[in-house]
Amino acid sequence: MYLDKCFPKEFENAKKNNTPVVIVGGTVEYHGAHCAYGCDSLVAQGLLEKLAKKKDIIIAPSISYSPSSYAVGDETTGTVHIPENIFEEYVYYVFMSMLSSGLRNIYVLIHHQFEQENLMPMTLSYMKAAKRATMAYMEKTRGQGWWGSEEYNSYYEDLGGGDDPFSWIKVIPTMSKQVQDATGYDHAGEFESSILMSLYPETVKLERLGDVAHWFTKSAEKANKELGDKMVELSLKWLEEKIV
């Protein structure tokens, strides 16, 4: 189910059933001559569409204009970069709106710059906005001193569970460290080209590799659908366990 195609009845049922609502945290970023600009968004989106066939989730509209950075290519390459402080403020209000509407099981799924689950600027922007929004929402609805009230005397026992407000919004990678170790992870190289090829074959054109020479795309000549299918399979298994 897609959030932007939901009606109020379905939305109320999702809140009642605590159905996971998942946002793709994507980018518009240069990925060499052979991969589409939406690579990071498409990998996450494609995995979610497959996951939706296995379990009940709601796919929220993707957020693609983001702090992608100009680390790979400069501003002439087509990359869209939003400064972190501005982006954080934007997603803060997205989260506040979702919390205020009653959603309590929100995920942000990110493929961009998540090597070995390291926390890079875009991911940190989402995480910081999520904690800020949760804190502001709790103070707005429960008042100052909410955490210290007797109502929250089981706070430490509830950590990580559905009654823990700071677990209402979770920011996770498309591929866990274990999945990355089992297959591989790169930027527009063998691995990213392969998983994108598996999900959206029309967005990878290996015959264009020779158009521009980059060290990070050189290995893409080895990209293949079989490897991509394996990456998708392992990523889906991880996401099926993680998104609950």
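The model is predicted, so local features need pLDDT of at least 70 and side-chain atom pairs count only at pLDDT 80 or more, while totals for chains, interfaces and linings use all residues. Residues are numbered from 1 along each chain as its sequence is written, and side-chain values use heavy atoms, with hydrogens and water left out.

Helix α7 (residues 190-199) packs against helix α8 (residues 225-242) at an angle of about 80°, their axes being 7 Å apart. Helices are DSSP runs of H or I with at least four residues, numbered from the N terminus. Axes are lines fitted to C-alpha atoms over the stretch in contact, and angles run from 0 to 180 degrees between N-to-C directions. The two helices, α7 and α8, are therefore roughly perpendicular (65 to 115 degrees).

The whole structure holds 9 aromatic pairs. Rings of Phe, Tyr and Trp (its six-membered ring) pair if their centres lie within 6.5 Å, and planes over 60 degrees apart count as edge-to-face. The Y92 and Y93 planes stand at 85° with ring centres 4.9 Å apart, so this pair is edge-to-face. Y92 is buried at a relative accessible area of 12% (buried means under 20%, exposed over 50%, partly exposed in between, with a 1.4 Å probe and protein chains only). The charged end of R132 sits over the ring of Y92, 4.4 Å from its centre (CZ of Arg within 6 Å of the ring centre and within 35 degrees of the ring normal).

W147 and Y155 also form an edge-to-face pair, 5.5 Å centre to centre with 75° between the planes. W147 is partly exposed at 40% relative accessibility, whereas Y155 is buried at 13%.

Technical notes. Angles under 35 degrees count as roughly parallel, over 145 as roughly antiparallel, 65 to 115 as roughly perpendicular and the rest as oblique. Rings of Phe, Tyr and Trp (its six-membered ring) pair if their centres lie within 6.5 Å; planes under 30 degrees apart count as stacked, over 60 as edge-to-face and the rest as tilted.
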